[in-house]
Amino acid sequence: MGLLAPVTELMNRLVRTVGILLVCVLWPWTGWCADKVSFLLSGQDKGSAQALVQNGTTYVDVQKAARKFGAGVTLFARSKQAKVTARGFYAIFTDNSPEVVINARIVTLDGPVLTRAGTVLVPVSFFLRPEFTRAVGKNISFSQNQFVVERPFDVERLEQELTAQEDRLVFRASKPVTWKAQAPNAHTVEVVFPQAVIKRDEFFRLKTDFVSSVSIHQSGEQAQVQVILGKNGRVWKVEENGGKIFLRVGKNELGPLPAAKAPAAPQQSQTVAPVKEAAAEIPPPSVLAQSDDSEAIPLTAAAAKTVMKTETPTMKAAQPQPVVKPAPVPVVSAAHKKMRIVVDPGHGGKDPGAVRSRVREKDLNLGVSKELFKLLKKGGFEVKITRENDSFIPLSDRSKMSNTFKADLFVSVHTNASKNKQANGFQVYFRSEKASDKEAAETAALENEAMQYEEVHYNFVDALLQSLAKNEYINESSKLAGYVRNAVYKQPGIGIGVSQHDSVRQANFYVLKGVQSPAILVEMGFISSPKDRGRLTQSKVQKNMAQGIYNGIYNYAKAEGWIK
């Protein structure tokens, strides 16, 4: 029986294929042929829908296609009609009629509406009509039996140019644009295009000496580009040349771009206004400037300021623009550098966290966090703790405190809990939209329950903070989690199990959502486990746990060049 089922399915597929060939090839005078059309949404394959070709016109299943584009569909079997709805838009189709009612106006399609085996098929040209594309807010094209769908955009990434001297990300705009460029820390460059829409969200890794990874995304009414620099990514600039915009990253001073070729025609009729470049230099990871009041600044003065591009519409776009360099800034010795770390004791105040046998999670978290704070201060790091006592702090405020402090690392300290009393052991998490497993998802849900104590729920509308934590720091957060796990595993005097196989996990923790730096959430053990709970209530064990976490942070900082 186990072999019969696959053979039967194979035979069924063969029969279907032969049937299609008979209709399409042997009996062409019937005028129609069964087929499928596929959907490519923002560069991703989103499946296919039944299609049919009749008299040279391609038809598609109206129900599946409309839903792929985000529109609603209602079928009326008795009247053999279909209704497609979107914001401020509706269309009513009637079987065997080429006329469709669009917003109370009668429009004639390329061919009559068809019904086959309960499926309503309409000409693909309907979904290309401007009334429909405006309603669903998408650019839609059709070629070679494929719908290509993009959001309406002003800026698109064309390519990346990788050379021995520098890496270049190349963009093109379909209208005059401005941009802001800044480096919020020594390993990140951000470029924002206000009042512009990027063609599609992307995340990819270059893994070169100059650029580690790139995240491109839409945040509200601005397009954003974040670049995580490679080990030799020390100098960067943004400039317009030949109708294109270049984000350039290299090790040494960046010379002029090669002579620009004639710019390719943009997707829309408008052109890019020529601009002056935005330029800045980033010190290597081992270098920081320091102000007179001893507050570490993780950039040179030129890079720390937001650089605003200016428009010069009277100049011709094809002409290369002169390089405007910032005033030279002296590089300070690496001995002045300090990594900034935020320690976040989970829960607090009216939010006790998990509670078992009168032991409250918030107390365990605070005890270990205060010990960790002391160790980090003693170790020469700049440290901030989100709470020093039994006080309540909303989750959103914790990430804001970290960003205001311009932290390089964020470490949130928690204690796990489970309905299963057998569950035990140390775990460390980094944030991801998708949990690594069911248990990780449950842990995140448990910790996210802290939102019920907030008067106002976390403001996810703040798209800048939301997106910054989404991709850019996942890799570094994962590395930090691994260092902490290994150090706690080696630390004597804790007595809580640390698995080398599955103790580093990922899940969607709200407290990590808006943090603009590598961030982890430590689950020291299970308060629901009598053994783990008994260990964590001992002050000696709390100190050893803090020491293990500290050792992991120290090892990460040393491996990343923060400590010589």
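Modeller: What follows starts with the core and then turns to a loop residue and to some of the strands. Please keep in mind that this is a predicted model.

The largest nonpolar core has 41 residues, and the members that touch the most others are Met545, Ile549 and Ile553. Several elements contribute at least two residues each: strand 26 (340–345), strand 29 (382–385), strand 30 (409–416), strand 31 (427–431) and strand 33 (519–526), together with helix 5 (361–378), helix 9 (474–490) and helix 12 (539–559). Helix 12 gives the largest share, seven residues. In soluble globular proteins, nonpolar side chains tend to be buried together.

With neighbours within four places in sequence left aside, Ile553 is in contact with Ile341, Leu372, Leu376, Leu409, Val411, Leu480 and Val484.

The C-alpha atoms of Gly495 and Met545 are separated by 9.6 Å, although the two residues are 50 apart along the chain. Residues up to four places away in sequence not counted, Gly495 touches Lys531 and Arg535.

An open sheet is made of five strands in the order 4-5-6-7-8, with antiparallel pairing. Strand 4 (72–76) and strand 8 (105–108) are its edge strands, each pairing on one side only. On average, neighbouring strands of this sheet are turned by 20° against each other, direction ignored. Strand 7, residues 99–102, pairs with strand 8 over four bridges in the antiparallel sense. In this pair, Val101 stands opposite Ile106 of strand 8.

Another antiparallel pair consists of strand 11 (residues 139–143) and strand 12 (residues 146–150), joined by five bridges. Phe142 is placed opposite Phe147 in strand 12. Strand 11 and strand 12 form a hairpin with two residues between them, and in the turn Gln144 has a positive phi of about 50°.

Conventions
Residues numbered from 1 in each chain as written. Predicted model: local features only at pLDDT ≥ 70, side-chain atom pairs only at ≥ 80, totals over all residues. Heavy atoms only, no water. Core = buried A, V, L, I, M, F, W, Y, C linked by side-chain atoms within 4.5 Å. Buried < 20%, exposed > 50% of the residue type's maximum accessible area, 1.4 Å probe, protein only. Contact = heavy atoms within 4.5 Å. Pairing = 2+ DSSP bridges. Axes fitted to C-alpha atoms, helices over the stretch in contact; angles between N-to-C directions.
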